[in-house]
Amino acid sequence: MRGLFVVVEGLDRAGKSTQVSRLASALDAKAIKFPGNIPREDRTTAIGKMIDSYLVQQSELDDRAIHLLFSANRWEARQGIVTCLESGKNIVCDRYAFSGIAYSCAKGLSYQWCKAPDVGLPEPDVTIFLDLSVEEASRRGGYGEERYESVSMQSKVREAFAQIRKDMPQGKWVVVDAGKSVDEVAAECESVVRSLAKPSSASLAPLFAQ
Ligand code: ADP
Ligand code: 2DT
Ligand code: MG
């Protein structure tokens, strides 16, 4: 039996990193993160380094070029994800293709264009969207120096995530209220995963195939 592939998505400061770590412990899962790996110092592949330099505003790139680098960063991790899941180990992943779409759409790129490079990646069994208003998120500590950490950008990202939610097959996108305490959110995330059916086949479905 293959492992479960669980993705956690949300705005900056929604609590993704906190909950990925909690959920990975609860499920005895491997925790991974896009871009790069946990923590930030591990944006270590050649592509990860280019993404990191862009995010910390040390380099400029065309919006489409950086979009494709984020996608390529997932493709270079694909075999590792598949091997891990096929060995029976669960994976909990902090951001995935949905962040790719949401952040690039927020910059004005078209939804269909943004989706295309990630078509065919391993499809998560479920994506948990940690839902928090932009105002609440910004109260969790001032935004830092990284690109995208502003109220105006986060508002557009939130709208783009709402569009993705409408486009997702039934049961694949579960919204969790991220405004509750860390323990309450953790319990809800765990209950979402425990209520999933066991994977019906050993292989993973392709993302955005239909
Ligand atoms: P993300 O990875 O989504 O940016 P983090 O997990 O890093 O979010 O959390 C952002 C900040 O909010 C951290 O200071 C964290 O301690 C705090 N935090 C996380 N979850 C909660 C919560 N449920 N309630 C209040 N504060 C939280
Ligand atoms: P964190 O490392 O704090 O999660 O921030 N992003 C992420 C994109 O624009 N496209 C993507 O495909 C992904 C995975 C969101 C990473 C920043 O990178 C953005 C915030
Ligand atoms: Mg984080």
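The points that follow refer to a predicted model.

1. Peptide geometry. Most peptide bonds are trans. The bond joining F34 and P35 is cis, with omega about 0 degrees. P35 sits in the loop that runs between β2 (30-33) and α2 (46-55).

2. Positive phi at R13. Most residues other than glycine have a negative phi. R13 is not a glycine, yet its phi is positive, at about 75 degrees. The residue belongs to the loop between β1 (5-10) and α1 (16-26).

3. Positive phi at R95. R95, also a residue other than glycine, has a positive phi near 70 degrees. Its place is the loop between β3 (91-94) and α4 (97-106). Is R95 buried or exposed? With a relative accessible area of 12%, R95 is under the 20% cut-off and therefore counts as buried.

4. Surroundings of α2. Seven of the 10 residues in α2 are buried, so the helix is largely enclosed by the rest of the structure. The buried residues are I47, G48, I51, D52, S53, Y54 and L55. What do these residues pack against? Their packing partner is α3 (63-86).

5. After α2. Q57, just after this helix, takes a positive phi of about 65 degrees.

How values were computed: Residues numbered from 1 in each chain as written. Chains lettered and ligands numbered in written order. Predicted model: local features only at pLDDT ≥ 70, side-chain atom pairs only at ≥ 80, totals over all residues. Heavy atoms only, no water. Helix = DSSP H or I, 4+ residues; strand = E, 2+ residues; numbered from the N terminus. Buried < 20%, exposed > 50% of the residue type's maximum accessible area, 1.4 Å probe, protein only. Contact = heavy atoms within 4.5 Å.
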